Amino acid sequence: MSQPRRPRAAGFGTGLVALLTALVLLAATNGAGAEDTEARPRSGNWTSWQADPAGSRFNGQEHRITPATVGNLDLKWAFGHAKVPGVYLGSQPAVADGVLYVGGAEGTFHALDARTGAARWTFDVAPVAGAHSTTSPDPVRSSPAVEGNTVYFGDNRGYLYALDRWSGALRWSLKLDTHPQAQITSSPLVYNGQVYIGISSKESGATFDLTYPCCTFRGSVVAVNAATGQLTWRHWTTPEPQPAGTWPNGANRYEPSGVAVWSSPVVDRETGTIFVGTGQNYTGAAGDTDSVLALNAATGAVRWRSQEVFPDTFTVACGIPGADAYCPSKANGTDHDWDFGASANVFSIGNRRVVGIGQKNGVYHVYDALTGAKVWDRAVVADPNTKGGSSGIQWGTSYDGNRLYVATWFANPGTLYALDPATGAILWQTESPADGCQWGGAAANPELCQRAFTPAVSASRGLVYEGGADGKMRVFSASTGAVLWQYDVVRDFTTVNGVPAHGTALSGGGGAVVADGMLYVQAAYYPQYPSASGGALLAFSLR
C-alpha cells in the first residue's frame, strides 16, 4: 500500500515556508525540551543504539506509525539467524537511508534492504579476528552506528570495526583489549570525530569452571579516532589485577578485577561529557564498581563519578550450589550483581541539564549533568534480590520529552513504567500481561515462559515499544500504558535469506527500532523456546 506524500512547499513565499517548517518541527518534538534538537533521527533513520547522541531511544520524526495506525502493523519480512547453541543474539539494527545494518550469530555482519530484507552485502569478522571456534561461537552482539559513509560495530572477540556502509569494505579494525575473554557488548557512540565504546568480558561466566584462575580482566571505556582507527584515550575502571594467592582447589587467584562496561555511552553535547555505567567487581573490591562515570569527551578525564553500590563482587560461581568458597562476597552479602547494564538518558528539567540511568537493583537515578549531584531516585522493584540482579532495569530506557519509560526484567512480573522526568513520580505502570504465557508459541512450554520485559525500551510520538520473555512484541500508549498492538514471535518464519528461523524471546541488549513506517525487532534471546532453527530479525509495516 502506498504511503501518502507530504505536502509540497513549491509556490509559497520563503517566509511562509520557513514558518510552516518551524511549526512541523515543533509539533514533531511532542513537547520535548531543548535537548530534542540534538540530531533527532529523521523518519527514515535510526542510526545508532542510542537513536541520538543524548540516548533518548525516541524517534520524534516518525509520522506513519501512530496511535491511530499502529493496530495495522503486519509482518513484512523475516531474516533468519543460524542456530548457534548458547548464543543469545542482541544486536539491535541501525537503519540509514533505506539500508538496515545488523550483527549475526556466526561472526557475520549484514546490510539489508530495509523495505524488503534483500541482502546488500555481508561481512565476516573471521579473517580479521581469527578462525571461528566450534566450541566458542562469536556472535556480533554489539549494535552498529552509522555516521557519514561508515558503519561501526564491535564483536565478541573485542574488535571494533569500521566498514564502508555502501560496499561492506573494511576501512579499519582495532582490537580494543588483548585479554582473551574481552568482548564488545556496548554499542558505539560516534561524536565529534571519535568512536566511544565500552569493553566487557566473558570472564564472569568462565568461573562456571571452578578451576579457572579468576580473574584478570578489567573493564574500560575507550575513544578511537573515527577516521583512522587509532586509540585516542582509555579510562580503566579498576586497578590492574595482581596475584592474591590461590583458590581452594589450587587455581591462581587475582584481584581486583572486573568492572566491565556492558552498556553504550551517551553524550551531553553542550559540555562534551560522555556518560556511561559500569559493572561489578569479579574479585576484590576496588575501582569504579556500580558507578556512573562522567568523562571529558576529548581526554577521558573523570569530571565526576557516582558510585551507587560498594562493594559488589559477583561471578557466576556465586550461583553454583556448594561453591561458596569461590564467592567470598557471599559471606558478607555483597554478591549483589547490581551493576549498570543500562545506558543513560540526557535531558533537561527546566534549565537544568541532567542525566538519568537505570540500575539492575531496580532504581532509576537522575543526576545534575555538570556536578553529579543527585536530583532524584525512583525504586521500581520491591525486592531486587529476585533472580539476583536480573530483576531490575537491565538494558535501557527511553525519553520522549514528556515522560521517561522504564521496564523491569524478571521482577515478578516485569513492569513497564512511565515516570515524570522532573520528579520521578510514577505516571502509569503496566505489568507484563498475565495471559502472555497462555497463548501463542510460549504456551507450549509454560515452564520456560516468564512475565518479564526483556529489551531496552523505545518510543515514537505517542507510542512505547517493549518486548518480553513470553515471546510477545507489544506497543503501548505513551499516555496511558494500554496495550495497543501485540504480536507473538514464537513461531516458524519463512525468511528472505532462506535460513530456517523460529522466533523466541524478544532480544535483550537492544530494543525495537522505528523508522520510516517500519518496526524492526530481534526475536533471538533467552528463553530459547525449543526449535532446531535459530532466531529471527522481524520487520513490520502498516497494511
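Leu 163 stands opposite Leu 170 in strand β10. This comes from a predicted model. The strand β9 covers residues 159–164 and β10 covers residues 170–175. The two strands run antiparallel and are joined by five bridges. Together, β9 and β10 form a hairpin, with five residues between them. In the turn, Gly 168 has a positive phi of about 80 degrees.

Aromatic rings come next. The structure holds 25 aromatic pairs. One of them is formed by Tyr 88 and Tyr 526, and this pair is edge-to-face. The ring centres are 6.0 Å apart, with 70 degrees between the planes. The pair links distant parts of the chain, as its two residues are 438 residues apart. Tyr 88 lies in the loop between β2 (73–80) and β3 (94–96), while Tyr 526 lies in the loop between β39 (518–523) and β40 (536–542).

Tyr 88 counts as partly exposed because its relative accessibility is 35%, a value between the 20% and 50% cut-offs. Tyr 526 is also partly exposed, because its relative accessibility is 32%.

One aromatic cluster is made up of Tyr 101, Phe 109, Trp 121, Phe 123, Phe 153, Tyr 159 and Tyr 161.

Two arginines lie over the faces of tryptophan rings, as listed here.

| Arginine | Ring | Distance from the ring centre |
|---|---|---|
| Arg 234 | Trp 236 | 4.8 Å |
| Arg 253 | Trp 247 | 4.5 Å |

Key: Residues numbered from 1 in each chain as written. Predicted model: local features only at pLDDT ≥ 70, side-chain atom pairs only at ≥ 80, totals over all residues. Heavy atoms only, no water. Pairing = 2+ DSSP bridges. Helix = DSSP H or I, 4+ residues; strand = E, 2+ residues; numbered from the N terminus. Phe/Tyr/Trp six-rings, centres within 6.5 Å; stacked < 30°, edge-to-face > 60°. Buried < 20%, exposed > 50% of the residue type's maximum accessible area, 1.4 Å probe, protein only. Lys NZ or Arg CZ within 6 Å of the ring centre and 35° of its normal.
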